[in-house]
Amino acid sequence: MQFYRNGYRPGDPDIRPAESAERARPEDLPSQLDVLIVGTGPAGTVLGAQLAAFPGIDTRIVERRGAPLEVGQADGVACRTVEMFDAFGLADALLREAYWVNEVRFWGPSEADRSRIVRTGWVEDTPAGMSEFPHVIVNQARMQQFLLEHMARSASRLQPDYGIEFVTLEVGEGEFPVTATLRRVEGSRAGEEFTVQAKYVVGADGARSNVRRSIGRELRGDSANHAWGVMDVLATTDFPDWRTKNVVQSAGKGSLLMIPREGGIMVRCYVDLGEVASGDGAVRKTSVEHLVAVANDILHPYSIDVKSVAWSSVYEVGQRLADAFDDVPVGDTTGRLPHVFIAGDACHTHSAKAGQGMNVSMQDAFNLGWKLAAVLQGRSDASLLLSYSAERQAVAQDLIDFDKFWSAFIAQPTRDPENPERGGVTAAQMQAEFARQGRYTAGLATKYQPSALTSGGEHQCLATGFEIGTRFHSAPVVRIADAKRMHLGHAHRADGRWRIYAFGDVDGSRLLNLAQWLGDSPDSPILRFTPNGADIDGVIDVHGIFRGDHHEHDLTSVPEILIPRSGPLGLQDWEKAWAVDTTDDIFDSRGISRDGAIVIVRPDQYVAHVLPLTARSELSTFFAGILGQQRPAER
């Protein structure tokens, strides 16, 4: 983290200098905005946190509730989400507070007495090598609070406007084509309606989204008609695995999923309530006392003595999906561009079993945020925004297909050896399936298909460990300037910039030639697509990774693009040149060719392209398909 690029200032470096007084945001909502975000759930807060990095973009967030969420339903935080939080500088605080899910343990009926459960095995929750971060548990409300605090510390000083609900919208023409009608629901002006004009509106307002309804979208899908009760309990017990994640299968009494919570004491219990008839609302009235009783039946011969229930609910498993995530009619061929988007539960819902709902919602917003910023800042054409629905709807469909399978699988009864005709799943099958589905539950299964943003794989062989279309899989390196060992992916900030990671050839000559060309040639995408007067790394951030020990490299001899001068004082940035961590060579672990490779990474941390170090026209052509020319091709 670099504190003083704009000059020395005392105090907390996480609090960015506020924007200038002439651009200060009014207390009341202005009549015209760049972006109006509806809802402060997981998607809304991630989008707000990302757009808060751009003070020149007028963003406001409205929330019907009168205050921030205090008790959230979701709590599972996938490895991929922790990677994203690291880009906001929030991973350390999150990991300090969270419960780390290290193992999943399995319990099933004893062969000697099927009325009693015994431990049948365990698996590592996240297989080694998937991510440098763990799968953790933190309450949704706390996750959102981290993001809200990040917004408040940003140069934008962005804070939600509470007590305001979205009513409806209309899309017309002009610079601010969306007219949103809002209503105050609290205070002396409660009931008052007013309108706001916006360039873009994003509905992150949950499964009953009014923004979704206003653009004519519907959630379609079927309920599995299987009910589960969930409760966060403070309890005493003789169950030995109370502080690990457990899947418990009983003989005819149902299943129990147990997930310890942050804080060292509380545990979340998902209690199997069995099949219910479609539309049967009676199951939602199931009492906490009944949930505790069923849990104790399943746990026999162990028991839990519940002292307090912090939160509980009963729900039916269901997966539903909107056919598009923006306001462009499906099949439209007129070239119409989107101005209204939906994200999170507003466009897809999942069961709680796979732990995907909150995580996928946040990734929706991370995908959309940098695209909105690029368009609003004039760096990309507005057609870029069409890619949001195209990419995220496909991801949601894939995850819903997985969720349907996983929810049905985990709800199966345990197989009775004496009555095999009744079906069910064995303890070994349950354990094996948990291990096999690790990439989904870690949030790492997303792969974007080839498009203008994600190339084909003609040069994938140059960097086999950075699969195109998947998230950039970080690995350890050593920063040459100060010998600091860290993960290369942790250099990636949620700031809307593209990254070029240039991995060196054996003698480093091709890497140095590329760096020289990137900084000097009028055909370089750095010079073509960076506005005059902007920092040279303001649009595309270039990093060089050299082979060999960090002591072997003299930074005074590398091209300036790897030690660029930026900020009002023109200070050098010494944090873009890297060498191998000899205890874990990134060239070996990520399959980098001896000839080196260029790995282009999108602002949302997904690998967009792999090219040889000798590529020149291919590199410029790729960026020309995404970014708008900012300077003449020749000087």
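Hi everyone, let me start with a tryptophan: W498 has a relative accessibility of 1%, so this residue counts as buried. Before going further, a reminder that what you see is a predicted model.

What does W498 pair with? Its ring partner is F623, with the ring centres 5.7 Å apart and the planes at 85°, so we call this pair edge-to-face. W498 sits in strand β21, while F623 belongs to helix α14, residues 617-624, so the contact ties together parts of the chain that are 125 residues apart in sequence. F623 is buried as well, at a relative accessible area of 0%.

Let's stay with the aromatics for a moment. A pair of aromatic rings is described by two things, the distance of the centres and the angle of the planes. How many aromatic pairs does the structure hold? The count is 17. Take F472 and Y501 as another example: here the centres are 4.8 Å apart and the planes meet at 15°, so this pair is stacked. F472 comes from the loop between α10 (438-441) and β19 (476-479), whereas Y501 is in strand β21, residues 498-503, and the two are 29 residues apart. Is F472 buried or exposed? With 8% relative accessibility, F472 counts as buried, and Y501, at 0%, counts as buried too. Both rings also take part in a cluster, where ring pairs link F466, F472, Y501, F503 and F587.

For some context from the record, an unreviewed UniProt entry annotates residues 446-630 as "domain: Phenol hydroxylase-like C-terminal dimerisation". In our model, that span is 16% helix and 21% strand, and its end C-alpha atoms lie 32 Å apart.

Now, over to the strands, and please find β10 on the screen. Why is strand β10 described as largely enclosed by the rest of the structure? Because five of its seven residues, in the stretch 178-184, are buried. Strand β10 has a partner in β9, residues 164-171, and the two pair in the antiparallel sense over seven bridges. Within that pairing, E165 stands opposite R183 of β10. The hairpin of β9 and β10 has six residues between the strands, and G174 there takes a positive phi near 95°.

Strand β10 also pairs with β11, residues 193-203, which runs antiparallel to it and is joined to it by six bridges.

Last stop, the surface. Which residues form a nonpolar patch there? They are F3, Y4 and Y8, which together have about 360 Å² of accessible area. Y4 is in the segment before β1 (32-38), and with a relative accessible area of 39%, Y4 is partly exposed. Compare that with W498, where we began, which counts as buried at 1%.

Notes
Residues are numbered from 1 along each chain as its sequence is written. This is a predicted model: local features need pLDDT of at least 70, side-chain atom pairs count only at pLDDT 80 or more; totals for chains, interfaces and linings use all residues. Side-chain values use heavy atoms; hydrogens and water are left out. Buried means under 20% relative accessible area, exposed over 50%, partly exposed in between (1.4 Å probe, protein chains only). Helices (H or I, at least four residues) and strands (E, at least two) are DSSP runs, numbered from the N terminus. Two strands pair if DSSP finds at least two bridges between them. UniProt positions are given in the numbering used here, feature names are shortened, and annotations may be inferred rather than shown by experiment. Patches are made of residues with over 30% relative accessible area and no salt bridge: like charges are joined within 9 Å, nonpolar side chains (Val, Leu, Ile, Met, Phe, Trp, Tyr) within 5 Å. Accessible areas come from the Shrake-Rupley method with a 1.4 Å probe; for residues, only the protein chains shown count as cover. A salt bridge is a side-chain nitrogen of Lys or Arg within 4 Å of a carboxyl oxygen of Asp or Glu. Rings of Phe, Tyr and Trp (its six-membered ring) pair if their centres lie within 6.5 Å; planes under 30 degrees apart count as stacked, over 60 as edge-to-face and the rest as tilted.
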